[in-house]
Amino acid sequence: MYFGLISRIGMLFIALTSLLFANDKIRIGTTVDYSEGHYGAPTVTNMMTTNVQAKYIGDTISIRLDLPYLIISGPSNATVSSDATVTLTSVGTQYRESEGIGDAVLSGIYNAYTNSELGLAVDVGVKLKVPTASHRDGLGTGELDESTQFYAYKNLDNVTLMLGAGYKWVGNPKNIHYRNTINGFTGLIYQISNQTSVGTMFDIKQSVYSNLSDQMEITLYGTHKLSTSWHVQIHTYKGLTDMSPIFGLGGMIGYQF
């Protein structure tokens, strides 16, 4: 598709341009997340995700690579799609347990606008999901997903307000038709101290099926800097529709060079 070419050129441009920036940083980290949800089925799907992440941070550009490992149990028709969401590919009643490498995700964000006096910032991003997961085992769709995203931030002393929206071009597996989707989120971050912050976020993701409800979640999280290099984060979230997780929780530990 046309956007596929654009996103690949965009990723290459970001990778080459980032080499020109000074004051760059590298972050690595590991996130563990557990969730449960019905996703429109009578039985529950359980999913454990361990994600290894590497991130390059430049003056105005950041590039991130996510490599997840999934353990999933539930109906045989449950398939993990991009952003670790679950879709039901058909009517199925058999139980299945699968584990393996998930889909790798490469993303880039560009700081398009910053006004320190007004406390405003605007970022734009692109994301490419590479089908490294097994479609046969329900760990991925086996197709590329591409998306573009918009982020806006407003700083009010110790509080930062967030707003975002995006569009995803979804790859279609054989004999399955997913529609392209839109998403949006809003939230805030409260800076308790130089080391500690807490936040909340509400997000909505359009279902890949036109006859099913959208995913809606509310998330609470906290971040603490253990040192100039180490930081930890914990999070929990609650789904607000039948197609959302019943609940989820997890944590992350990261190191910055």
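I started with Ile 189, which counts as partly exposed because its relative accessibility is 23%; on this scale buried is under 20% relative accessible area, exposed is over 50% and partly exposed is in between (1.4 Å probe, protein chains only).

What I have is a predicted model, where local features need pLDDT of at least 70, side-chain atom pairs count only at pLDDT 80 or more, and totals for chains, interfaces and linings use all residues. Residues are numbered from 1 along each chain as its sequence is written, and side-chain values use heavy atoms, with hydrogens and water left out.

Back to Ile 189: I found it in strand β11 (residues 181-191); strands are DSSP runs of E, at least two residues, numbered from the N terminus. Leaving out residues up to four places away in sequence, I saw that Ile 189 touches several residues, including Met 162, Val 198 and Tyr 221; contact means heavy atoms within 4.5 Å.

Next I looked up salt bridges (a side-chain nitrogen of Lys or Arg within 4 Å of a carboxyl oxygen of Asp or Glu). I got four by this rule. One of them joins Asp 103 and Lys 129 at 3.4 Å, N to O. Asp 103 sits in the loop between β6 (95-101) and β7 (104-115) and Lys 129 in strand β8 (residues 120-130), so this pair ties together parts 26 residues apart in sequence.

Lys 129 also meets Asp 145 in a salt bridge, at 3.5 Å, N to O. I noted that Lys 129 and Asp 145 are both buried.

Note on methods: Helices (H or I, at least four residues) and strands (E, at least two) are DSSP runs, numbered from the N terminus.
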